[in-house]
Amino acid sequence: EDMRPPGLYCAVLVLWVWVPQGRTEVLTPPYFNLAEGRRVTATATCGEDVLGPELFCKLIGVNTDFLNQHDNLLIQGQVCDHCDPTRPDKAHPPEYAVDGTETWWQSPPLSRGSKYNEVNLTIDLGQEFHVAYVYVRMANSPRPGVWVLEKSADNGLTYQPWQYFADNKADCVRFFGVESLEPISEDTSVICEMQYSKIVPLENGEIVVSLLLNRPSANDFFNSSSLQEWTRATNVRFRFLRTKNLLGHLMAVERQDPSVTRRYFYSIKDISIGGRCRCNGHADLCDITDPNDFYKLLCRCQHNTCGPNCEKCCTGFEQKAWSQSKHNKLFVCE
């Protein structure tokens, strides 16, 4: 069953702005979920790099039926469990965030140390794509309090922010600067979003990020080098900075009370990244698996172009210098 929210489809509708209408000479491959089955790494994971299983407890209240069904513990009135990488039903590795099932990745609880507020989860896309939206569904934790969605266009050497997230204006300014509060004015504006850092829901919360919505060139993607560059990514990183805490727990978290800090961590059940191959307007399919790299897809090039991204003219069709094919400047190698 597809659990993605109506909001996601609103974000996807923006994509239709991006899809060329009528002019078949500019070819574009279809959108798909770039995240599924990709290489995923985390800087820290619950139950890993510790001796024995790691205890965590949930913020959500006690439900007797739930306890009976799910082999959970009840400690001081809290629903608790262990992360244990040696048991398949208790392991929560990074790849579980993109496997398309009900399993999830989970970070260490803050009872291991307050430094685990800061954890990175990184998806290696394996090649360049144009990304249109990112969708996240949490598991047994609230959505993060403060974090950054980042992208790399150089295979992870450097990262740039795509969007900031915080619960209020003060945190936006404190973590990301006052300019993060300004509305989108350029294709590359980085804004601070406040609607996705609320404590409720305590579990299964959703985050939807459109990288095209309200961008000045959203209606003219192929003629906008800045928007093409803005959406281009080889890696997507979730840089978490601070968990979202219940107001009544702030003091206890500060003094590292384990009965409270064991209830704070990040957990992600599903990440979908909507995008498509970068084929420079010269392919409408991107379905060839690179024989040298199982993770890499190659454009099915037309217009006498060649290369993984149709980025050059084929041998014998080099009378003029290669170019992207755009609506206002169609191009075919001759």
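Predicted model: local features only at pLDDT ≥ 70, side-chain atom pairs only at ≥ 80, totals over all residues.
**Notebook: aromatic rings**

I started with Phe-129, and it is buried, at a relative accessible area of 0%.

Next I counted the aromatic pairs, taking ring centres within 6.5 Å as the cut-off. I got twelve aromatic pairs. Phe-129 is in one of them: its ring centre is 5.9 Å from that of Phe-32, and with the planes at 80 degrees the pair is edge-to-face, since over 60 counts as that. I then looked up where the two sit. Phe-32 is in strand S1 (residues 32-33) and Phe-129 in strand S7 (residues 119-138), so this pair links distant parts of the chain, 97 residues apart. Is Phe-32 buried, exposed or partly exposed? I found 28% relative accessibility for Phe-32, so I noted it as partly exposed.

Then I moved on to Trp-147 and Phe-240. Their ring centres are 5.6 Å apart and the planes stand at 45 degrees, so I wrote this pair down as tilted. Trp-147 belongs to strand S8 (residues 146-152) and Phe-240 to strand S12 (residues 232-242), so the pair ties together parts 93 residues apart in sequence. Trp-147 is buried, at 1% relative accessible area, and Phe-240 is buried too, also at 1%.

Which aromatic cluster do these two belong to? I listed one made up of Trp-105, Trp-147, Phe-165, Phe-238, Phe-240 and Tyr-266.

Last, I checked for charges over rings. Arg-237 has its charged end over the ring of Tyr-159, 3.9 Å from the centre. I also noted Arg-112 over the face of Tyr-116, 5.1 Å from the ring centre.

Note on methods:
Residues numbered from 1 in each chain as written. Heavy atoms only, no water. Phe/Tyr/Trp six-rings, centres within 6.5 Å; stacked < 30°, edge-to-face > 60°. Helix = DSSP H or I, 4+ residues; strand = E, 2+ residues; numbered from the N terminus. Buried < 20%, exposed > 50% of the residue type's maximum accessible area, 1.4 Å probe, protein only. Lys NZ or Arg CZ within 6 Å of the ring centre and 35° of its normal.
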